[in-house]
Amino acid sequence: MRTRAFTLLELLTVIAIIAVLAAIITPVYSRTKVSANRSSDLSNMNSLRSALQVYRVDQGGYPPALLGYVTLYEGTSNVIPANQLRTYLYPKRVESIDTFRPVPLRAAQTDITSAVWPNADSRAVGTAPQIDLNGDNKVDNTDDVVGSRQAFGPTRTVTSIPLDAASTPLQFYRVSGYDVALTRNGSGGTRTELRYALFWTQQGLGTGSANDDPRQLGYSDPPEGTVITWNSFYREYGSTGLPERAKLDVVLFLGGGAKPFDSREVFDRSWRIMP
């Protein structure tokens, strides 16, 4: 009797076919997973926006942070875990601590960090007006002045009194990826950047001004185009270390909710992007 078995050529053919199918299926599965994660984050960001609107009705303004600053047990240096806090939005207005955490973020409830300011718009002052700030019913270069630009960039650590460089750095919970976020810095390294701030211009962080950029949550009636925060965890980076020009960031605007946005533009402009 003769037995039938696979030849070496047949076995190699089967292995090759399996490898090809795996090469096709794996990227599709990966893209599907990322898309599902971004959809989940988008939903959570819109939940934060709704909670902020309720907070504003109750308190007459927006909170200084989404989750809150690091809190210690009384008389110790031990950090109270984020999921045990009682803060501005959590747990009264936002029930789950995971609402504050983008899906790709891996951080323990007691992980804390300081942060720097994100990139400021690098275009020359007086060359990039966006809205009518001086009330003359037209948008021109006179609406782009130093005082209405972002006050600080990544060389400045976020402190309790931003205009005082000697102030103690604020401490944030890493789990709140919409207060601060770890990201690449564009030159091969990483940094943790601020994502949510009541004021970000020189005038706003100073004494204020009637001609300041109104798109700041600290003012009494910020317009719908005001940026609340943004999700930069899905960026793709090129060989230069800078984000690719693709709508992979998710930006939460005060009006209209969260929407995909060009990663490079968010990286370059921060709160000064336009919806």
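This is a predicted model: local features need pLDDT of at least 70, side-chain atom pairs count only at pLDDT 80 or more; totals for chains, interfaces and linings use all residues.
**Stop 1: helix α1 and its surface**

Begin by selecting L8, L11, L12 and I15. Together these residues make a nonpolar surface patch of about 400 Å². I15 belongs to helix α1; its relative accessible area is 49%, and I15 is therefore classed as partly exposed.

Select K33 next, which is also a residue of helix α1. With a relative accessible area of 47%, K33 is partly exposed.

Then display R38 and Y234. The charged end of R38 is placed over the ring of Y234, 5.9 Å from the ring centre.

**Stop 2**

Centre the view on D121, in the loop between β1 and β2. Is D121 buried or exposed? Its relative accessible area is 9%, so D121 counts as buried.

Show the side chains around D121. A polar contact of 2.7 Å joins the side chain of D121 to that of R123, and another, of 2.8 Å, joins the side chain of D121 to that of R272.

The structure contains 15 salt bridges. One of them is between R269 and D121, at 3.6 Å from N to O. Because R269 lies in helix α2 (residues 263-269) and D121 in the loop between β1 and β2, this pair ties together parts that are 148 residues apart in sequence. Both R269 and D121 are buried.

Now turn to R272, which forms a salt bridge with D121, with the closest N and O atoms 2.8 Å apart. R272 lies in the segment after α2 and D121 in the loop between β1 and β2, so this pair connects parts 151 residues apart in sequence.

To see the whole arrangement, select D121, R123, D144, R149, R269 and R272. Salt bridges with shared partners join these residues into one network.

**Stop 3: the aromatic rings**

The whole structure holds 9 aromatic pairs. Among them is the pair of Y90 and F100, which is edge-to-face, with 6.2 Å between the centres and 90 degrees between the planes. Y90 and F100 both lie in the loop between α1 (8-59) and β1 (112-113), so the pair ties together parts that are 10 residues apart in sequence. Both residues are buried.

Move to F253 and F261. What is the geometry of this aromatic pair? The pair is tilted, at 6.0 Å centre to centre and 55 degrees between the planes. F253 and F261 are both buried.

Finally, select W117, F152, W200, W230 and W271, which ring pairs link into a cluster.

Key:
Residues are numbered from 1 along each chain as its sequence is written. Side-chain values use heavy atoms; hydrogens and water are left out. Rings of Phe, Tyr and Trp (its six-membered ring) pair if their centres lie within 6.5 Å; planes under 30 degrees apart count as stacked, over 60 as edge-to-face and the rest as tilted. Helices (H or I, at least four residues) and strands (E, at least two) are DSSP runs, numbered from the N terminus. Buried means under 20% relative accessible area, exposed over 50%, partly exposed in between (1.4 Å probe, protein chains only). A charge sits over a ring if NZ of Lys or CZ of Arg is within 6 Å of the ring centre and within 35 degrees of the ring normal. Patches are made of residues with over 30% relative accessible area and no salt bridge: like charges are joined within 9 Å, nonpolar side chains (Val, Leu, Ile, Met, Phe, Trp, Tyr) within 5 Å. Accessible areas come from the Shrake-Rupley method with a 1.4 Å probe; for residues, only the protein chains shown count as cover. A salt bridge is a side-chain nitrogen of Lys or Arg within 4 Å of a carboxyl oxygen of Asp or Glu. A polar contact is a pair of N or O atoms within 3.5 Å; within protein, one must be able to donate a hydrogen and the other to accept it, and residues adjacent in sequence count only if both atoms are side-chain atoms.
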